Amino acid sequence: MTDGHGHLDAADLDGSPGAGGFRGRRVTVAGLGVSGVSAARALERMGAEVTVVDGGDSDTHRARAAELGAQGVTVRLADAETLPAGTELIVTSPGWKPQSPLFAAAGAAGVPVWGDVELAWRLRGARPAAPAGGEGAPAPWLAVTGTNGKTTTVQMLASILSAAGLRAPAVGNIGTPLIDVVLAEEPCDVLAVELSSYQLHWAPSLRAHSAAVLNLAPDHLDWHGSMEAYAADKGRIYEGNQVACVYNSADPATEELVRRADVQEGCRAVGFTLGTPGPSELGVVDGILVDRAFVENRREQAQELAEVSDVTPAAPHNIANALAAAALARAYGVPASAVRDGLRSFRPDAHRIAHVADVDGVAYVDDSKATNTHATQASLAAYDSIVWIAGGLAKGATFDELVRESAPRLRAAVLIGADRHLIHEALTRHAPDVPVVDLARTDTGAMAAAVDEAARLARHGDTVLMAPACASMDMFVNYNARGDAFTDAVRALAEARAHEVE
């Protein structure tokens, strides 16, 4: 039965293994990726009749299908559009568009659609032998979303919580399926949860302890249909928050999402800023991260949390990430000392504004993860004189605003990739005096040529920054492979220059 809003009724929501809320239910899982496989296995263990559908039919798909088939799960490959007969619920992987034919068929049949996060939220506490309330109560969620910086912020948050002695893994869109975590035999104290706009779209029941939206900029509009729809899905993260809605004081769109949210009574709006914080904000004063939100007298007092130098790297956008993570940790009651210790011990993943080497007085920095203009603008803002390596697949992006804002920092630009002409045209319009090298090659060896050209253009004290503002798939398997190619080219350059000195 459904409640008229695409939700199963109360009897169906008790998904604990003992209660058998899914036993005998016919559930279709859309997608054979990591989250889809996780959902299928969990539902099968609970007694559901599970069918997985996926449009692919590669060797990888067939291998995963065979594994699930051995566990009693039906897998249908090369057909992602037909609704299996008798389906009572669809659990979708994050990337499936709302306009997919499968969901249109589900809507016509009155079948609800949940995301993997929605399923995890409904199943929290369904861990075997977990009592209702008390020590075995479900771990609260501290949730993070935003156009950029989600993964780093969630990892920082997990590091801070760990420094406070809490078992608090970084989960969700970061790679570890939430379903596996909430059903694990070993309980967690609290979860640091990264959520994408895709996941939030399909998670109407989510009610976090506290949540943050780091920033908002146009992204994934082909999926959401409009900026308004994209922002609305991001804003879902604030619905029902219990303690704090954390927003970016420099991004009014995030504060507006807080204003629109229906939260629990007593939940507070908490801002973070790179400037001096006002009451109910976290910010920076004389190189110190300070808290004026979670102190006894926030109008007159501030709590020192950490130094800017405790954050690696200490680029402005990463300081903002650290403040957001600190705000969520403080909302959970973590002491200031744990914020400091957690930030000191944290090191970001590869290819996120990572310093590779200094060669002849020039710094070489890999920010291959900067796959859109918003992330690249933050990266460019971290340095004063830059030889910029950029380009790839634009995904419909325009570059005029990025170039206009960053032009004073650009020494030169080296462009690669399928849509490099779009960046070149923006440079011609808004930075005509900046030298541009346009590399027509689109093979993976083009990165080594780009590094060589950048080294020729750079002067002592400059930064060669690879922040592409584009996706990588025209030339590389993913942004990691692109970053590895840059790192290898820089190291080869450093070795060649060292031999020259000898």
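I looked up Ser196 to begin with: its relative accessibility is 10%, so Ser196 counts as buried (under 20% relative accessible area; exposed is over 50%, partly exposed in between; 1.4 Å probe, protein chains only). The model is predicted, with local features needing pLDDT of at least 70 and side-chain atom pairs pLDDT 80 or more, while totals for chains, interfaces and linings use all residues. Residues are numbered from 1 along each chain as its sequence is written, and side-chain values use heavy atoms, with hydrogens and water left out.

Next I checked where Ser196 sits: in the loop between β8 (191-194) and α8 (197-201). Helices (H or I, at least four residues) and strands (E, at least two) are DSSP runs, numbered from the N terminus. Setting aside residues up to four places away in sequence, I find Ser196 touching Thr145, Asn173 and Lys234; contact means heavy atoms within 4.5 Å.

**Cysteines**

How many disulfides are there? I count zero, taking a disulfide as a pair of cysteine sulfur atoms within 2.5 Å. For Cys245 the closest cysteine sulfur is that of Cys267, at 3.8 Å, which is too far for a bond. Cys245 is buried at 1% relative accessibility, and Cys267 is buried at 16%.

**Arg41**

I located Arg41 in helix α2 (residues 34-45). Beyond neighbours within four places in sequence, Arg41 is in contact with Glu67, Leu68 and Gln71. I also took the C-alpha separation of Arg41 and Trp96: 19 Å, for residues 55 apart along the chain.

**Whole chain**

I noted 18 helices and 20 strands in the protein chain. Along the principal axes, the C-alpha atoms fill a box of roughly 70 × 60 × 45 Å.

Of the 502 residues, 54% count as buried. Among contacts with a separation of 6 or more, 65% come from residues 24 or more positions apart.

Last, I looked up charges: the protein chain has 41 positive and 63 negative side chains, with the centres of the two sets 2 Å apart. Lys and Arg count as positive, Asp and Glu as negative, and His and the chain ends are not counted. Each charge is placed at NZ of Lys, CZ of Arg, CG of Asp or CD of Glu.
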